[in-house]
Amino acid sequence: MTLVCVNNVHKAFGDLQVLKGIDLNVAQGEVVAIIGRSGSGKSTLLRCLNQLEQHDSGEITIAEQQLDAGSMSPKELSENVGMVFQSFNLFPHKTVGDNVCLAPVVVRGEARADVEKVAREVLDKVGLADKYDAYPAQLSGGQQQRVAIARALAMRPKVLLCDEVTSALDPELVGEVLRVLEALAAEGMTLILVTHEMGFARDVADRVVFMHQGRIHEEGEPAELFSNPKTPELKQFISAVL
Amino acid sequence: MIEFTLWDIVRNLLLAARWTVVLSLIAFVGGATVGLVLTFMRLSSRRWLQRFTSLYVDLFQGTPLLMQLFLIFFGAAAMGHPISAWWAASIALTLFTSAFLCDIWRGCLEAVAKGQWHAARVLGMNYFQTMRHVILPQALQLSIPPTVGFSVQVIKGTALASIIGFVELTKAGTMLNNATFEPFTIFTLVALFYFALCYPLSCYARHLEKKLYDAGLR
């Protein structure tokens with residue numbers, strides 16, 4: 001089943017055309033890695049998928065619901081799409097547990113006790129059950145990012161968007177976050193990741209999408225794409241990053 | 001001629017210092033109340049409300065407090081409704097304080113990282129939920145040190161009320177000087193009184209700032 005359907009999407013910031021007609025279908029349970037140079041439109045595409053940016057033209061459908069300005073409230077959107085940011089964006093004034101519990105309680109009106117149980121489950125899943133009462137400032141970057149993943153999971157989204165989630169981390173902390181994502185992928189979570197971790201894209205993604213100058217330039221199975229790039233741009237990109 | 005002992009001087013200044021404290025409290029409580037309303041007006045999506053508040057803030061920040069005091073005190077009299085020095089000082093200091101607090105608090109709200117809005121938004125929170133649970137608690141924490149710090153300015157600002165005849169610390173000092181002709185002693189004492197009021201607040205502001213820093217919010 002197609003969960004996310006992007007059809008001829010354009011987006012410009014002033015005179016700058018960032019997305020020039022994107023077509024992308026993501027099936028349920030699929031893991032799609034979006035790669036490309038900075039400025040190629042990867043993050044903008046991701047942000048259009050949850051309306052942090054409003055696309056100018058084209059269609060985006062998520063779980064068969066069309067995404068237009070005002071067509072879905074933040075609450076409805078959060079039932080479909082979760083997001084993890086490069087800079088974690090945890091709530092610094094709240095404990096890890098409260099970070100995870102806040103949205104289900106405030107947005108969904110779920111009972112606090114039930115939510116706390118879910119919070120402990122998702123924190124356990126990211127390996128941080130013992131940090132329930134810690135504050136974000138007391139955690140390492142890798143731990144903070146795993147809390148951010150747990151916080152997104154507590155809303156039980158259908159698809160999780162990850163925007164360069166390891167780019168702000170020290171190299172030795174990248175692995176722990178990628179392992180969590182790998183486990184999610186293995187569980188059948190639908191993931192769309194913008195990433196610079198080519199090894200991860202190759203090993204975990206079902207499909208890799210290479211973006212170049214606002215378009216999807218090339219896409220395919222990771223093994224094939226990385227070993228046998230068809231366009232000179234991808235060839236150049238791969239040789240630059242590997 | 002009556003002889004003034006040092007104790008007489010100190011006692012009189014101490015009595016006058018009460019009114020400095022009371023006027024400061026009025027200015028601060030009044031200023032905070034009006035400032036809070038202004039802050040939310042500034043945050044409103046209505047353009048004319050935003051414009052009104054920024055004009056208000058610019059006006060009161062861009063003119064000397066003394067002129068504001070004069071305009072209210074003499075202006076009221078000129079319009080046929082003379083008001084007491086008490087009222088004039090309270091109104092002027094309230095308006096002055098509210099303009100600065102509005103600006104301080106707006107800055108604190110804007111200082112909360114943009115990513116916090118984004119994070120709350122993708123978790124499904126609307127504007128009010130985000131304000132209430134994510135932005136305001138952080139802005140409040142950020143605002144405490146500059147707010148306490150500004151209260152020191154308010155205390156010192158009350159000295160200007162002496163010019164329209166309000167008997168507080170500075171005015172009492174002037175009056176005592178007229179009777180004793182010991183300006184150095186008296187104004188040293190007056191300064192020490194102000195310092196005794198302001199210094200603890202400055203220390204407290206610094207302490208709060210350090211606490212904030214330790215909490216990792218900066």
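Trainee: What is the bridge partner of A:Met83 in strand 7 of chain A?

Mentor: That's A:Leu161. A:Val81 likewise has an opposite number in strand 7 of chain A, namely A:Val159. Keep in mind that this is a predicted model, where local features need pLDDT of at least 70, side-chain atom pairs count only at pLDDT 80 or more, and totals for chains, interfaces and linings use all residues. Residues are numbered from 1 along each chain as its sequence is written, while chains are lettered from A and ligands numbered from 1 in the order in which they are written.

Trainee: How do you know that strand 6 and strand 7 of chain A are joined, and by how many bridges?

Mentor: Two strands pair if DSSP finds at least two bridges between them. Strand 6 and strand 7 (residues 159–163) of chain A have four, and they run parallel. The strands themselves are DSSP runs (E, at least two residues; helices are H or I, at least four), numbered from the N terminus.

Trainee: And which strand do five bridges join to strand 7 of chain A, running parallel?

Mentor: Strand 8 (residues 190–194) of chain A. One pair there is A:Leu160 with A:Leu191. Between strand 7 and strand 8 of chain A, the chain passes through helix 6 (residues 171–187), in a right-handed β-α-β crossover.

Trainee: What makes a crossover right-handed?

Mentor: Point the strands away from you: the path from the first strand over the helix to the second must run clockwise.

Trainee: Why is strand 7 of chain A called largely enclosed?

Mentor: A residue is buried if 20 or more other C-beta atoms lie within 10 Å of its own, exposed if 12 or fewer, and partly exposed in between, with C-beta atoms placed from the backbone. Five of the five residues of strand 7 of chain A are buried, so the rest of the structure largely encloses it. A:Val159, A:Leu161 and A:Asp163 point one way, A:Leu160 and A:Cys162 the other.

Trainee: What order do the six strands of that open sheet take?

Mentor: In chain A it's 6-7-8-3-9-10, with mixed pairing. Strand 6 (81–84) and strand 10 (215–220) of chain A are the edges, as each pairs on one side only.

Trainee: What about the four-strand sheet of chain A: which way does its pairing go?

Mentor: That open sheet is antiparallel, in the order 2-1-4-5. Strand 2 (16–27) and strand 5 (65–66) of chain A each have a single partner strand, so one side of each has no neighbour in the sheet. Inside it, five bridges join strand 1 (residues 2–13) to strand 4 (residues 57–62) of chain A, and A:Val4 is partnered with A:Ile62.

Trainee: On to chain B: how many helices and strands are there?

Mentor: Eight helices and zero strands. Of its 218 residues, 34% count as buried.

Trainee: Where does the kink in helix 8 of chain B lie?

Mentor: At B:Cys198, shortly before the proline B:Pro200, with a bend of about 25°. That is the angle between axes fitted to the seven residues ending at a residue and the seven starting there. B:Ile186, B:Val190 and B:Phe193 of helix 8 are buried.
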